[in-house]
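Dear colleague,

Please find below the structure that I am handing over to you, together with its sequence. My findings follow directly after it.

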Amino acid sequence: MTPVTERDVQLLRDALGPLRDREQVAERLLASSARHSFDPDRELDWESAAEDGKWFWPPELVSLYDTPLWRTMSEEQRLDLSRHEAASLASLGIWFEIILMQLLVRHIYDRPVTSNHVRYALTEIADECRHSMMFGRFIQWSGAPDYPVPRIHHNLARILKSTSSTPGSFAATLLGEEILDWMQRLTFPDERVQPLVRGMTRIHVVEEARHVRYAREELRRQMVTAPRWERQLTRVGSGNAARIFSLCFINPQVYENVGLDRREAVAQVKASGHRAEIMQSGAKRLTDFFDDIGVLNGVGRRLWKNSGLLA
């Protein structure tokens, strides 16, 4: 297959329209980063105490919400579950962002070091470093333990970090960013939620909006220019990543840590229509985008349906 040049890409389009110039996209994102970047160590009041009666995560986003088990739980136990689930999601976020940083470094390794595209990637890596430190500090602040992903998925991610193709890397990036972003957009304006959590999610939403734009633009480009085998591998890989992401989303140890039967809690979450709707709603903007650019074609769609993130 003849290599596709930058000039060729400028003349190409996908279902969403003409492809944008890499350097122009990165230039806008760099300008936005200069205006709207945050230092969580200074922005957030880490010396504050948690406020009594406030949630650590909106109740509607807690995994057991509106299940038979939820209706038997005391308000105190529900609040405590939100605390542990927030710590579980923060742990997942750190795991994911460490993977993302390594994928970004691989992406720019052979690219011109003076380009805006590389400069923005390095800016995003700096953002993700701050986010990971912020999430780790939040876990300590909450008093909950950290919740690592299962060892098998932790080790499988080693393979992903070393072998993922460029379009596969950006598809996985969007999977990890967009669902949590949807949830955090519901969290930061919610006055029922702990002020520190609201501040943390606000920072993350503002900075992740740039990361999503960067990943979307690059994935569009890759799905137009990559060879057929790589596009097909991206469809299969993103579907498998969606399944793993769903399995790892909440560590089931949280249920035991608030005094619930782990097996029963997991079963009720799986059977919950509300939970399925929440996860699919969180993924809808992403799955619509993937559908538009061809990631959900063929086997990709079946795998996404099996993950529970696509209706």
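In this predicted model, Phe289 and Phe290 are both buried. Their ring centres lie 6.2 Å apart with the planes at 40 degrees, so the two rings form a tilted pair. The structure holds 9 aromatic pairs. There is also an aromatic cluster, made up of Trp55, Tyr65 and Trp70.

Next, the packing of helices. Two packed helices are described by the angle between their axes and by the distance between those axes. Helix H5 covers residues 75-108 and helix H9 residues 195-225; their axes come within 14 Å and cross at roughly 40 degrees. An angle of roughly 40 degrees makes H5 oblique to H9, because angles under 35 degrees would be needed for roughly parallel. The crossing of H5 past H9 is left-handed. On the H5 side, the contact is made by Glu97, Leu104 and His107, and on the H9 side by His204, Glu208, Tyr214 and Glu218. By class, the residues of this contact of H5 with H9 comprise 2 nonpolar, 2 polar and 3 charged.

H5 also packs against helix H6, which spans residues 116-142. Here the axes come within 9 Å and cross at roughly 160 degrees. With the boundary for roughly antiparallel set at over 145 degrees, H5 and H6 are therefore roughly antiparallel to each other. The crossing of H5 and H6 is left-handed. The contact of H5 with H6 involves 17 nonpolar, 8 polar and 4 charged residues.

Within H5, one may look at Ile94. Apart from neighbours within four places in sequence, Ile94 is in contact with Ser132, Phe135, Gly136 and Ile139. As for Ala276, it stands 182 residues from Ile94 in sequence, with 24 Å between the two C-alpha atoms.

Three further residues deserve a note each.

Ser33 belongs to helix H2, which runs over residues 22-35. Its relative accessibility is 7%, and Ser33 therefore counts as buried, the limit being under 20%. When residues up to four places away in sequence are set aside, Ser33 touches Tyr120, Thr123 and Arg210.

Asp66 sits in the loop between helix H3 (40-43) and helix H4 (68-72). Its backbone calls for a remark: phi of Asp66 is near 65 degrees, a positive value in a residue other than glycine. Is Asp66 buried or partly exposed? Its relative accessibility of 45% means that Asp66 counts as partly exposed, since buried requires under 20% and exposed over 50%.

Arg262 lies in helix H12, residues 262-271. At 33% relative accessibility, Arg262 likewise falls in the partly exposed class. Which residues does Arg262 contact, leaving aside its neighbours within four places in sequence? They are Pro252, Gln253, Tyr255 and Glu256. Of these contacts, Pro252 is 10 residues from Arg262 in sequence, and their C-alpha atoms are 6.5 Å apart in space.

With kind regards

Key
Residues numbered from 1 in each chain as written. Predicted model: local features only at pLDDT ≥ 70, side-chain atom pairs only at ≥ 80, totals over all residues. Heavy atoms only, no water. Axes fitted to C-alpha atoms, helices over the stretch in contact; angles between N-to-C directions. Helix = DSSP H or I, 4+ residues; strand = E, 2+ residues; numbered from the N terminus. Parallel < 35°, antiparallel > 145°, perpendicular 65-115°, else oblique. Left-handed = near helix turned anticlockwise from the far one by under 90°. Contact = heavy atoms within 4.5 Å. Nonpolar A, V, L, I, M, F, W, Y, C, P; charged D, E, K, R; others polar. Phe/Tyr/Trp six-rings, centres within 6.5 Å; stacked < 30°, edge-to-face > 60°. Buried < 20%, exposed > 50% of the residue type's maximum accessible area, 1.4 Å probe, protein only.
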